[in-house]
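Me: I'd like a close look at one part of this protein. Could you walk me through it in plain words?

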Amino acid sequence: MDLFAQKIKHKDNYTYQVREENGDLNNDGKMDKILVKMDIIDETRPLILQIFLSQPNGKLALAVSSTKIIEPQYPLENQGKHNEYQIPDFFIEKGILTMWSEIKGGNITYDFKYHNGNFELIKVKKLTNNATKGYIDENTIFTETRFNLITGLRTETDEKLGSKKVLSKRKKVVLIRPLPKIQDFKFSDKKLY
């Protein structure tokens with residue numbers, strides 16, 4: 001079998017459904033659907049995100065499909081070891097598609113909004129901590145980063161566990177134009193925010 005035939009054959013192996021979420025993403029009053037499926041034949045266990053939008057005829061049509069947004073469960077660079085993260089969760093609320101992912105030392109949330117035929121990244125919220133001993137204690141510092149990509153305002157706030165007192169707050173404006181589209185977004189982009 002040639003390489004081209006293998007790629008075509010491989011493409012249809014996303015058969016194991018991991019996530020499903022329903023909600024109105026394009027503000028037409030009809031239910032849209034997102035699916036996350038895993039390829040259980042490929043030993044890296046890659047995942048695909050599919051977004052289906054409702055059509056005037058009442059049927060769902062595939063609008064976006066991405067294999068880059070979610071890290072494989074067993075990435076090649078890990079030589080057969082798990083990536084140590086859960087498969088991201090997805091939520092649809094008030095027309096916003098939210099993706100919640102684990103990252104090293106915390107989690108990150110991305111908000112995508114349907115605009116001009118694309119799902120654009122509009123907000124990122126990241127919560128990390130500086131714990132190095134494998135546990136969190138009263139000396140652990142949590143950093144919350146909020147990035148509004150529409151206005152460009154990026155705010156980082158540091159607080160100690162259990163304290164309401166802000167240790168440090170940093171603000172800067174970072175304009176990213178055009179806004180990143182979900183189909184171009186890669187799981188490694190989490191380092192950008």
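Are arginine 154 and glutamate 156 buried or exposed? And what do their side chains do?

Reply: Quick note before we dig in: this is a predicted model, where local features need pLDDT of at least 70 and side-chain atom pairs count only at pLDDT 80 or more, while totals for chains, interfaces and linings use all residues. Residues are numbered from 1 along each chain as its sequence is written, and side-chain values use heavy atoms, with hydrogens and water left out.

Now, your pair: arginine 154 and glutamate 156 are both buried. Buried means under 20% relative accessible area, exposed means over 50%, and partly exposed is in between (1.4 Å probe, protein chains only). Glutamate 156 counts as buried because its relative accessibility is 18%.

The two side chains meet in a salt bridge, at 2.8 Å from N to O. That term means a side-chain nitrogen of Lys or Arg within 4 Å of a carboxyl oxygen of Asp or Glu. Glutamate 156 also has a salt bridge with arginine 170, where the closest N and O atoms are 2.7 Å apart. Arginine 170 sits in strand β11 (residues 166–173) and glutamate 156 in strand β10 (residues 153–160), so this pair ties together parts 14 residues apart in sequence. Strands here are DSSP runs (E, at least two residues), numbered from the N terminus. Arginine 170 is partly exposed, because its relative accessibility is 32%.

Notes:
Helices (H or I, at least four residues) and strands (E, at least two) are DSSP runs, numbered from the N terminus.
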